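Student: I have the sequence and the model open. Can we go through some of it by question and answer?

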Amino acid sequence: MKRITARPENPHQAALLRLLRERSRSRAELGDVAELSRSRLNLELDRLVELRLVEQAGLAASRGGRRSGMVRLAATMRFAGIDVGATSVDVAVTDGGLEVLGRASEPCDVRDGPVAVLDRATEMLAKLRDQGLFTQLHGAGIGVPGPVSFREGVPVAPPIMPGWDRYPVRETLGQELGCPVVVDNDVNIMALGELHAGLAKQVDDFLFVKIGTGIGCGIVVDGKIYRGVSGSAGDIGHIRVDDAGPICACGNAGCLEAYFGGAALAREATAAAERSPYLGERLRRTGTLTGEDVAAAAALGDAEAVRLIRDGGHRVGLVLAGLVSFFNPGLVIVAGGVARLGHLLLAEIRSVVYRRSLPLATGNLPIVLSELGDSAGVIGAARLCSDHVFSAP
(Lines give C-alpha, C1' and ligand atoms only; values in the text may rest on other atoms or scores of the structure.)
Protein backbone atom coordinates (compact mmCIF):
# COMPACT_ATOMS: atom_id res chain seq x y z
CA MET A 1 0.00 0.00 0.00
CA LYS A 2 1.12 3.56 -0.66
CA ARG A 3 2.37 5.11 2.55
CA ILE A 4 0.51 8.13 3.93
CA THR A 5 2.85 10.61 5.61
CA ALA A 6 0.52 13.57 6.27
CA ARG A 7 0.67 14.55 9.93
CA PRO A 8 0.01 17.80 11.83
CA GLU A 9 3.03 20.06 11.65
CA ASN A 10 2.69 21.79 15.01
CA PRO A 11 0.78 21.57 18.33
CA HIS A 12 -1.96 23.96 17.11
CA GLN A 13 -2.82 21.72 14.17
CA ALA A 14 -2.74 18.64 16.40
CA ALA A 15 -5.16 20.27 18.85
CA LEU A 16 -7.53 21.24 16.03
CA LEU A 17 -7.58 17.67 14.71
CA ARG A 18 -8.43 16.29 18.16
CA LEU A 19 -11.27 18.79 18.48
CA LEU A 20 -12.62 17.84 15.07
CA ARG A 21 -12.41 14.16 15.99
CA GLU A 22 -15.28 14.83 18.40
CA ARG A 23 -17.49 16.46 15.73
CA SER A 24 -17.59 18.97 12.89
CA ARG A 25 -17.23 22.57 14.04
CA SER A 26 -17.39 26.06 12.63
CA ARG A 27 -14.23 28.12 12.31
CA ALA A 28 -15.68 30.58 14.81
CA GLU A 29 -16.34 27.82 17.35
CA LEU A 30 -12.85 26.42 16.88
CA GLY A 31 -11.43 29.89 17.48
CA ASP A 32 -13.28 30.09 20.79
CA VAL A 33 -12.21 26.63 21.98
CA ALA A 34 -8.65 26.60 20.64
CA GLU A 35 -7.98 30.17 21.82
CA LEU A 36 -6.26 31.14 18.58
CA SER A 37 -6.46 34.46 16.79
CA ARG A 38 -8.70 34.45 13.74
CA SER A 39 -5.80 34.84 11.33
CA ARG A 40 -3.73 32.08 13.00
CA LEU A 41 -6.70 29.74 13.13
CA ASN A 42 -7.46 30.20 9.44
CA LEU A 43 -3.79 29.75 8.59
CA GLU A 44 -3.60 26.41 10.44
CA LEU A 45 -6.93 25.15 9.11
CA ASP A 46 -6.02 26.05 5.54
CA ARG A 47 -2.78 24.12 5.94
CA LEU A 48 -4.67 21.09 7.27
CA VAL A 49 -6.92 21.29 4.21
CA GLU A 50 -3.81 21.31 1.99
CA LEU A 51 -2.56 18.22 3.82
CA ARG A 52 -5.96 16.57 3.13
CA LEU A 53 -6.56 15.99 6.82
CA VAL A 54 -9.47 18.46 7.01
CA GLU A 55 -12.13 19.56 4.54
CA GLN A 56 -14.75 22.30 4.22
CA ALA A 57 -18.29 21.34 5.24
CA GLY A 58 -20.56 24.21 4.24
CA LEU A 59 -21.66 27.14 6.39
CA ALA A 60 -22.65 27.25 10.04
CA ALA A 61 -25.79 28.88 11.38
CA SER A 62 -25.46 32.62 11.80
CA ARG A 63 -24.31 33.92 15.17
CA GLY A 64 -25.55 37.40 14.35
CA GLY A 65 -23.18 38.31 11.54
CA ARG A 66 -21.48 36.69 8.62
CA ARG A 67 -21.90 32.90 8.69
CA SER A 68 -18.76 31.01 9.59
CA GLY A 69 -17.48 28.11 7.51
CA MET A 70 -17.81 24.58 8.87
CA VAL A 71 -14.86 22.22 8.82
CA ARG A 72 -14.53 18.49 9.53
CA LEU A 73 -12.00 15.73 9.31
CA ALA A 74 -11.45 14.52 5.76
CA ALA A 75 -14.12 12.02 4.74
CA THR A 76 -11.41 9.75 3.34
CA MET A 77 -9.56 9.45 6.64
CA ARG A 78 -9.36 5.87 7.86
CA PHE A 79 -7.87 4.13 10.89
CA ALA A 80 -7.51 0.41 11.60
CA GLY A 81 -7.90 -1.21 15.00
CA ILE A 82 -6.52 -4.70 15.63
CA ASP A 83 -7.20 -6.60 18.84
CA VAL A 84 -5.18 -9.81 19.18
CA GLY A 85 -6.54 -12.06 21.91
CA ALA A 86 -5.32 -15.41 23.15
CA THR A 87 -7.81 -17.27 20.96
CA SER A 88 -9.10 -14.74 18.42
CA VAL A 89 -8.28 -11.72 16.29
CA ASP A 90 -10.67 -8.77 15.83
CA VAL A 91 -10.09 -6.02 13.26
CA ALA A 92 -12.07 -2.89 12.44
CA VAL A 93 -11.85 0.10 10.12
CA THR A 94 -13.04 3.48 11.36
CA ASP A 95 -13.41 6.96 9.95
CA GLY A 96 -11.56 9.93 11.42
CA GLY A 97 -14.12 10.31 14.18
CA LEU A 98 -13.57 6.65 15.12
CA GLU A 99 -16.99 5.46 14.01
CA VAL A 100 -16.67 1.79 13.09
CA LEU A 101 -17.32 1.31 9.37
CA GLY A 102 -16.64 -2.40 9.23
CA ARG A 103 -15.42 -5.16 11.49
CA ALA A 104 -14.32 -8.79 11.30
CA SER A 105 -13.48 -11.44 13.89
CA GLU A 106 -11.91 -14.88 13.50
CA PRO A 107 -10.62 -17.61 15.84
CA CYS A 108 -6.83 -17.54 16.03
CA ASP A 109 -4.39 -19.03 18.52
CA VAL A 110 -1.78 -16.49 19.62
CA ARG A 111 0.57 -19.44 20.24
CA ASP A 112 0.80 -19.91 16.48
CA GLY A 113 3.35 -17.10 16.55
CA PRO A 114 3.58 -13.52 15.27
CA VAL A 115 3.98 -14.28 11.57
CA ALA A 116 0.82 -16.39 11.36
CA VAL A 117 -1.27 -14.11 13.58
CA LEU A 118 -0.24 -10.83 11.94
CA ASP A 119 -0.72 -12.35 8.49
CA ARG A 120 -4.25 -13.30 9.53
CA ALA A 121 -4.93 -9.75 10.75
CA THR A 122 -3.68 -8.16 7.52
CA GLU A 123 -5.71 -10.61 5.44
CA MET A 124 -8.83 -9.63 7.36
CA LEU A 125 -8.09 -5.95 6.75
CA ALA A 126 -7.54 -6.67 3.06
CA LYS A 127 -11.04 -8.17 2.90
CA LEU A 128 -12.47 -5.00 4.45
CA ARG A 129 -10.52 -2.96 1.90
CA ASP A 130 -11.95 -5.08 -0.90
CA GLN A 131 -15.41 -4.25 0.42
CA GLY A 132 -14.65 -0.60 -0.37
CA LEU A 133 -14.19 0.58 3.21
CA PHE A 134 -10.80 2.18 2.53
CA THR A 135 -8.10 2.58 -0.07
CA GLN A 136 -5.38 3.82 2.28
CA LEU A 137 -4.95 3.91 6.05
CA HIS A 138 -3.79 6.94 8.01
CA GLY A 139 -2.79 4.78 10.97
CA ALA A 140 -3.27 1.44 12.70
CA GLY A 141 -3.28 0.42 16.35
CA ILE A 142 -2.82 -3.09 17.67
CA GLY A 143 -3.21 -4.62 21.11
CA VAL A 144 -1.63 -7.92 22.12
CA PRO A 145 -2.27 -10.07 25.24
CA GLY A 146 1.05 -9.57 26.98
CA PRO A 147 3.57 -6.99 28.23
CA VAL A 148 4.61 -4.45 25.61
CA SER A 149 7.45 -1.96 25.40
CA PHE A 150 5.32 0.93 24.16
CA ARG A 151 8.35 2.96 23.13
CA GLU A 152 9.83 0.17 21.00
CA GLY A 153 6.57 -1.32 19.74
CA VAL A 154 7.48 -4.90 20.70
CA PRO A 155 6.12 -7.50 23.15
CA VAL A 156 8.53 -8.33 25.99
CA ALA A 157 8.62 -11.86 27.46
CA PRO A 158 4.83 -12.40 27.16
CA PRO A 159 3.91 -15.50 29.22
CA ILE A 160 1.19 -16.84 26.90
CA MET A 161 2.74 -15.75 23.58
CA PRO A 162 5.61 -18.09 22.61
CA GLY A 163 7.71 -16.72 19.79
CA TRP A 164 6.58 -13.12 20.27
CA ASP A 165 9.35 -11.88 22.56
CA ARG A 166 10.89 -8.77 20.99
CA TYR A 167 9.18 -9.45 17.66
CA PRO A 168 9.07 -6.14 15.68
CA VAL A 169 5.28 -5.86 15.53
CA ARG A 170 5.22 -2.12 14.85
CA GLU A 171 7.83 -2.28 12.09
CA THR A 172 6.33 -5.35 10.44
CA LEU A 173 2.77 -4.05 10.37
CA GLY A 174 3.88 -0.58 9.35
CA GLN A 175 5.62 -1.96 6.28
CA GLU A 176 2.69 -4.19 5.41
CA LEU A 177 -0.05 -1.58 5.87
CA GLY A 178 1.88 1.46 4.68
CA CYS A 179 0.95 3.67 7.63
CA PRO A 180 2.08 4.56 11.16
CA VAL A 181 1.44 1.74 13.64
CA VAL A 182 1.20 1.88 17.44
CA VAL A 183 1.42 -1.24 19.65
CA ASP A 184 0.13 -1.64 23.20
CA ASN A 185 -1.13 -4.20 25.68
CA ASP A 186 -4.66 -5.40 24.91
CA VAL A 187 -6.01 -4.21 28.27
CA ASN A 188 -4.76 -0.68 27.65
CA ILE A 189 -6.47 -0.46 24.27
CA MET A 190 -9.73 -1.74 25.79
CA ALA A 191 -9.47 0.97 28.45
CA LEU A 192 -9.05 3.53 25.65
CA GLY A 193 -12.14 2.12 23.98
CA GLU A 194 -14.14 2.66 27.16
CA LEU A 195 -12.72 6.17 27.47
CA HIS A 196 -13.75 7.02 23.92
CA ALA A 197 -17.11 5.30 23.53
CA GLY A 198 -18.02 3.44 26.71
CA LEU A 199 -19.03 3.98 30.31
CA ALA A 200 -15.89 6.01 31.05
CA LYS A 201 -16.53 8.82 28.53
CA GLN A 202 -17.05 11.33 31.33
CA VAL A 203 -14.49 9.88 33.77
CA ASP A 204 -10.85 10.99 33.82
CA ASP A 205 -9.52 8.51 36.40
CA PHE A 206 -10.61 4.88 36.30
CA LEU A 207 -9.50 1.24 36.32
CA PHE A 208 -10.39 -1.20 33.55
CA VAL A 209 -10.05 -4.84 34.62
CA LYS A 210 -10.01 -7.55 31.97
CA ILE A 211 -10.59 -11.11 33.18
CA GLY A 212 -10.03 -13.49 30.30
CA THR A 213 -7.31 -15.99 29.49
CA GLY A 214 -5.17 -13.62 31.56
CA ILE A 215 -6.01 -10.85 34.01
CA GLY A 216 -4.85 -7.28 33.49
CA CYS A 217 -5.75 -3.74 34.43
CA GLY A 218 -5.75 -0.58 32.34
CA ILE A 219 -5.00 2.49 34.46
CA VAL A 220 -6.36 5.80 33.19
CA VAL A 221 -5.12 8.97 34.89
CA ASP A 222 -6.39 12.38 33.84
CA GLY A 223 -7.81 10.90 30.65
CA LYS A 224 -4.57 9.18 29.62
CA ILE A 225 -3.26 5.63 29.87
CA TYR A 226 -0.66 5.22 32.59
CA ARG A 227 1.92 2.68 31.43
CA GLY A 228 4.68 3.10 34.00
CA VAL A 229 8.38 3.51 33.27
CA SER A 230 8.76 0.42 31.06
CA GLY A 231 5.14 -0.28 30.05
CA SER A 232 4.24 -2.97 32.57
CA ALA A 233 1.85 -0.98 34.78
CA GLY A 234 -1.43 -2.76 35.45
CA ASP A 235 -0.18 -6.36 35.20
CA ILE A 236 -2.30 -7.36 38.19
CA GLY A 237 -2.74 -10.96 37.07
CA HIS A 238 0.72 -11.66 38.44
CA ILE A 239 0.12 -10.20 41.88
CA ARG A 240 0.66 -13.09 44.28
CA VAL A 241 -2.40 -13.98 46.36
CA ASP A 242 -1.10 -17.22 47.91
CA ASP A 243 2.52 -18.36 48.31
CA ALA A 244 1.41 -21.99 48.20
CA GLY A 245 -0.84 -21.56 45.17
CA PRO A 246 -0.67 -23.21 41.74
CA ILE A 247 2.13 -22.42 39.28
CA CYS A 248 1.29 -19.59 36.91
CA ALA A 249 2.21 -19.30 33.22
CA CYS A 250 4.79 -16.69 34.26
CA GLY A 251 6.63 -19.32 36.32
CA ASN A 252 5.75 -17.99 39.76
CA ALA A 253 3.37 -19.60 42.23
CA GLY A 254 0.06 -18.29 43.53
CA CYS A 255 -0.59 -15.47 41.04
CA LEU A 256 -4.16 -14.16 40.76
CA GLU A 257 -4.23 -15.33 37.12
CA ALA A 258 -3.30 -18.88 38.19
CA TYR A 259 -6.47 -18.92 40.29
CA PHE A 260 -9.01 -17.22 38.05
CA GLY A 261 -7.77 -16.78 34.48
CA GLY A 262 -9.53 -18.72 31.74
CA ALA A 263 -7.25 -21.75 32.00
CA ALA A 264 -7.47 -21.76 35.80
CA LEU A 265 -11.26 -21.65 35.74
CA ALA A 266 -11.36 -24.56 33.26
CA ARG A 267 -8.99 -26.52 35.50
CA GLU A 268 -11.07 -25.90 38.63
CA ALA A 269 -14.30 -26.71 36.79
CA THR A 270 -12.85 -30.03 35.63
CA ALA A 271 -11.83 -30.87 39.18
CA ALA A 272 -15.32 -30.01 40.44
CA ALA A 273 -17.16 -31.88 37.69
CA GLU A 274 -17.65 -35.04 39.76
CA ARG A 275 -19.63 -32.99 42.30
CA SER A 276 -21.68 -31.14 39.68
CA PRO A 277 -24.40 -32.83 37.61
CA TYR A 278 -24.25 -30.19 34.87
CA LEU A 279 -20.45 -29.89 34.63
CA GLY A 280 -20.05 -33.66 34.90
CA GLU A 281 -22.43 -34.27 32.02
CA ARG A 282 -20.86 -31.51 29.94
CA LEU A 283 -17.37 -32.92 30.53
CA ARG A 284 -18.45 -36.42 29.51
CA ARG A 285 -20.04 -35.07 26.34
CA THR A 286 -17.30 -32.68 25.15
CA GLY A 287 -14.16 -33.76 26.99
CA THR A 288 -13.37 -30.18 28.10
CA LEU A 289 -14.93 -27.41 30.17
CA THR A 290 -14.83 -23.63 29.67
CA GLY A 291 -15.91 -20.50 31.46
CA GLU A 292 -19.09 -20.52 29.38
CA ASP A 293 -19.92 -23.96 30.81
CA VAL A 294 -19.45 -22.63 34.34
CA ALA A 295 -21.72 -19.65 33.58
CA ALA A 296 -24.41 -21.94 32.15
CA ALA A 297 -24.20 -24.24 35.18
CA ALA A 298 -24.45 -21.31 37.59
CA ALA A 299 -27.52 -19.99 35.74
CA LEU A 300 -29.17 -23.36 36.47
CA GLY A 301 -28.34 -23.03 40.15
CA ASP A 302 -25.43 -25.49 40.16
CA ALA A 303 -23.78 -25.15 43.58
CA GLU A 304 -20.26 -26.02 42.41
CA ALA A 305 -20.35 -23.52 39.56
CA VAL A 306 -21.62 -20.81 41.91
CA ARG A 307 -18.80 -21.63 44.34
CA LEU A 308 -16.16 -21.37 41.59
CA ILE A 309 -17.43 -17.96 40.52
CA ARG A 310 -17.62 -16.65 44.07
CA ASP A 311 -14.15 -17.93 44.94
CA GLY A 312 -12.67 -16.28 41.87
CA GLY A 313 -14.57 -13.06 42.44
CA HIS A 314 -13.38 -13.00 46.03
CA ARG A 315 -9.72 -13.18 44.98
CA VAL A 316 -10.17 -10.54 42.29
CA GLY A 317 -11.94 -8.37 44.85
CA LEU A 318 -9.07 -8.66 47.32
CA VAL A 319 -6.58 -7.41 44.71
CA LEU A 320 -8.93 -4.65 43.55
CA ALA A 321 -9.58 -3.50 47.11
CA GLY A 322 -5.89 -2.71 47.49
CA LEU A 323 -5.81 -0.93 44.13
CA VAL A 324 -8.87 1.14 44.98
CA SER A 325 -7.41 2.22 48.32
CA PHE A 326 -4.13 3.11 46.60
CA PHE A 327 -5.43 4.79 43.43
CA ASN A 328 -8.87 6.10 44.46
CA PRO A 329 -10.46 5.79 40.97
CA GLY A 330 -13.78 7.30 39.95
CA LEU A 331 -14.93 4.09 38.24
CA VAL A 332 -14.00 0.42 37.90
CA ILE A 333 -15.03 -1.42 34.72
CA VAL A 334 -14.85 -5.22 34.55
CA ALA A 335 -14.69 -6.98 31.15
CA GLY A 336 -13.26 -9.98 29.32
CA GLY A 337 -14.34 -13.53 28.54
CA VAL A 338 -14.44 -14.71 32.16
CA ALA A 339 -16.28 -11.52 33.12
CA ARG A 340 -19.20 -12.88 31.08
CA LEU A 341 -19.93 -14.92 34.18
CA GLY A 342 -21.97 -11.80 34.83
CA HIS A 343 -23.59 -10.30 37.86
CA LEU A 344 -22.82 -13.17 40.23
CA LEU A 345 -19.12 -12.45 39.68
CA LEU A 346 -19.65 -8.69 39.83
CA ALA A 347 -21.61 -8.95 43.10
CA GLU A 348 -18.76 -10.86 44.76
CA ILE A 349 -16.15 -8.38 43.54
CA ARG A 350 -18.23 -5.45 44.74
CA SER A 351 -18.84 -7.07 48.12
CA VAL A 352 -15.13 -7.53 48.79
CA VAL A 353 -14.03 -4.12 47.49
CA TYR A 354 -16.70 -2.20 49.36
CA ARG A 355 -15.96 -4.13 52.55
CA ARG A 356 -12.16 -4.00 52.38
CA SER A 357 -11.44 -0.52 51.00
CA LEU A 358 -11.79 2.71 52.92
CA PRO A 359 -15.23 4.39 52.84
CA LEU A 360 -13.71 7.58 51.43
CA ALA A 361 -12.48 5.62 48.39
CA THR A 362 -15.66 3.61 47.81
CA GLY A 363 -18.44 5.99 48.88
CA ASN A 364 -19.19 7.04 45.28
CA LEU A 365 -17.37 4.30 43.39
CA PRO A 366 -19.33 2.44 40.68
CA ILE A 367 -18.03 -1.05 39.84
CA VAL A 368 -19.71 -2.11 36.61
CA LEU A 369 -19.55 -4.56 33.72
CA SER A 370 -18.46 -3.18 30.34
CA GLU A 371 -21.23 -2.41 27.87
CA LEU A 372 -18.89 -2.33 24.85
CA GLY A 373 -17.83 -5.97 25.19
CA ASP A 374 -15.54 -7.13 22.39
CA SER A 375 -15.85 -3.77 20.59
CA ALA A 376 -13.75 -2.02 23.23
CA GLY A 377 -10.51 -3.46 21.87
CA VAL A 378 -10.82 -2.44 18.22
CA ILE A 379 -12.25 0.99 19.10
CA GLY A 380 -9.44 1.54 21.58
CA ALA A 381 -6.80 0.41 19.08
CA ALA A 382 -8.15 2.90 16.53
CA ARG A 383 -8.16 5.61 19.21
CA LEU A 384 -4.56 4.73 20.08
CA CYS A 385 -3.31 5.29 16.53
CA SER A 386 -5.54 8.33 16.13
CA ASP A 387 -3.91 9.90 19.20
CA HIS A 388 -0.51 9.20 17.63
CA VAL A 389 -1.40 10.59 14.20
CA PHE A 390 -3.10 13.63 15.76
CA SER A 391 -0.02 14.57 17.77
CA ALA A 392 2.60 17.16 16.91
CA PRO A 393 5.99 15.89 15.67
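Student: Which residues of H6 are buried?

Tutor: This is a predicted model, in which local features need pLDDT of at least 70 and side-chain atom pairs count only at pLDDT 80 or more, while totals for chains, interfaces and linings use all residues. Residues are numbered from 1 along each chain as its sequence is written, and side-chain values use heavy atoms, with hydrogens and water left out. Helices (H or I, at least four residues) and strands (E, at least two) are DSSP runs, numbered from the N terminus; buried means under 20% relative accessible area, exposed over 50%, and partly exposed in between (1.4 Å probe, protein chains only). The buried residues of H6 are Asp186, Val187, Asn188, Ile189, Met190, Ala191, Leu192, Gly193, Glu194, Leu195 and His196.

Student: Which side chain makes a polar contact with the side chain of His196?

Tutor: His196 lies in helix H6, residues 186-197, and is buried at a relative accessible area of 18%. A polar contact is a pair of N or O atoms within 3.5 Å; within protein, one must be able to donate a hydrogen and the other to accept it, and residues adjacent in sequence count only if both atoms are side-chain atoms. At 3.3 Å, the partner of His196 is Arg383.

Student: What is the relative accessible area of Asp186?

Tutor: Asp186 is also a residue of helix H6. Contact means heavy atoms within 4.5 Å, and beyond four places in sequence Asp186 touches Asp83, Val84, Gly143, Val144, Pro145 and Lys210. Asp186 is buried, and its relative accessible area is 4%.

Student: Is Val229 buried or exposed?

Tutor: Val229 sits in the loop between strand S13 (224-225) and helix H7 (256-260). Its relative accessibility is 84%, so Val229 counts as exposed.

Student: At what angle do H9 and H10 pack?

Tutor: Two packed helices are described by the angle between their axes and the distance between the axes. Axes are lines fitted to C-alpha atoms, for helices over the stretch in contact, and angles run from 0 to 180 degrees between N-to-C directions. For H9 (residues 277-286) and H10 (residues 291-299), the axes are 9 Å apart and the angle is about 145°.

Student: Which residues of H10 make that contact?

Tutor: On the H9 side, Tyr278, Leu279 and Arg282 take part. From H10 come Asp293, Val294, Ala296 and Ala297.
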